[in-house]
Amino acid sequence: MKPAQLSIPRHWIVWTVVLFALTFALGFAAKWIVALRFDSLDATVNALNSPLLDKVALLLDELDRPTVVAVILVIVFVILFFVRGWRLALGTVLVTGLGWLTTLVVKTVVAQPRPTTAGLTHLLHVNPATLSYPSGHVVFAAALVTALVMVCRGTLSRTIVIVVGALFVALVMWSRLYVGVHYGTDVVGGVLNGVAGVLLFAGLWNLVARRVFTGGGRRVAA
């Protein structure tokens, strides 16, 4: 593995196409077939509420604000700068940010309206401004965790990131259902979109990094 390159699957283009295809397929299927939306799931999750859970959900509601995303990526860059060097730090934050932005394309194409909050027994003051599918919060969480996994070199560090990251993504998925602004398929689609977006830009980053930072040579993929 070259110092400036992220660890990605050898056939990353194939995986990217497959994951984006699944993302769009799930979105359109849920839009056309109401039963596939699991539209009662948010009410079920919302019914199990408490003041503490309210605070957690409202805190995570800030996750996909541009300023919050920028702060998180700056923190990630600084940490990785000292741990892995500026090239991998830059690559990680770039593929995370660009991978997250792909959700705008998916949202626009699928154009799934938000679910109604009429069935919720515990309303929180959350005002979503965009379309429903996929969840941008989940896309960012999945993109961040995927990018961090790609920058890990040792088995132990990668395992830790995968386990902690999976719990973090699951928590974000729960929070979007808890506040009642997404269907069940929105959060699943968010995971698919986040991983697909990072794979796309990680592959492109490695192609550029091979030429810019190492002067050519064969890429070694994970």
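A patch, as I use the word here, is made of residues with over 30% relative accessible area and no salt bridge, and nonpolar side chains are joined within 5 Å. I note at the start that the model is predicted.

**Entry: nonpolar patch.** I looked for nonpolar surface and found a patch of about 880 Å². Its members are Val 71, Val 74, Ile 75, Val 78, Ile 79, Phe 81, Phe 82, Val 83 and Trp 86. Which helix gives the largest share? I checked, and helix 4, residues 66-83, supplies 8 residues. Trp 86 belongs to helix 5, which spans residues 86-110.

I then looked up the cover on Trp 86. Its relative accessible area is 37%. That counts as partly exposed, because the value falls between the 20% and 50% cut-offs.

**Entry: Ser 175.** Next I went to helix 7, residues 155-178, where Ser 175 sits. Is Ser 175 buried or exposed? I read a relative accessible area of 0%. Ser 175 is therefore buried, as the cut-off is under 20%. What does Ser 175 touch, leaving aside neighbours within four places in sequence? I found contacts with Ala 57 and Leu 60.

**Entry: largest pocket.** I turned to empty space. Rolling a probe the size of a water molecule over the atoms shows where such space is left. The largest pocket came out at about 390 Å³. I counted 20 residues in its lining. Nearest its centre lie Asp 64, Pro 128, Ala 129, Thr 130 and His 137.

I also sorted the lining by helix. Helix 5 and helix 6, the latter at 136-151, each supply at least two residues. The largest share is from helix 5, with 5 residues.

**Entry: backbone in the loop.** I finished with the loop between helix 5 and helix 6, where both Ala 111 and Pro 134 are found. Most residues other than glycine have a negative phi, and most peptide bonds are trans. I looked for departures from that.

For Ala 111, I read a phi near 55°, a positive value in a residue other than glycine. Ala 111 is partly exposed, with a relative accessible area of 27%. Where is the cis peptide bond? I located it from Tyr 133 to Pro 134, with omega near -10°.

Note on methods
Residues are numbered from 1 along each chain as its sequence is written. This is a predicted model: local features need pLDDT of at least 70, side-chain atom pairs count only at pLDDT 80 or more; totals for chains, interfaces and linings use all residues. Side-chain values use heavy atoms; hydrogens and water are left out. Patches are made of residues with over 30% relative accessible area and no salt bridge: like charges are joined within 9 Å, nonpolar side chains (Val, Leu, Ile, Met, Phe, Trp, Tyr) within 5 Å. Accessible areas come from the Shrake-Rupley method with a 1.4 Å probe; for residues, only the protein chains shown count as cover. A salt bridge is a side-chain nitrogen of Lys or Arg within 4 Å of a carboxyl oxygen of Asp or Glu. Helices (H or I, at least four residues) and strands (E, at least two) are DSSP runs, numbered from the N terminus. Buried means under 20% relative accessible area, exposed over 50%, partly exposed in between (1.4 Å probe, protein chains only). Contact means heavy atoms within 4.5 Å. On a 1 Å grid over the protein atoms alone, a cavity is a set of points where a 1.4 Å probe fits but cannot get out, and a pocket is an open set with protein on both sides within 12 Å along at least five of seven lines; lining residues have an atom within 4 Å of a point. Grid points are joined across faces, edges and corners, and a volume is the space filled by probe spheres set on the points.
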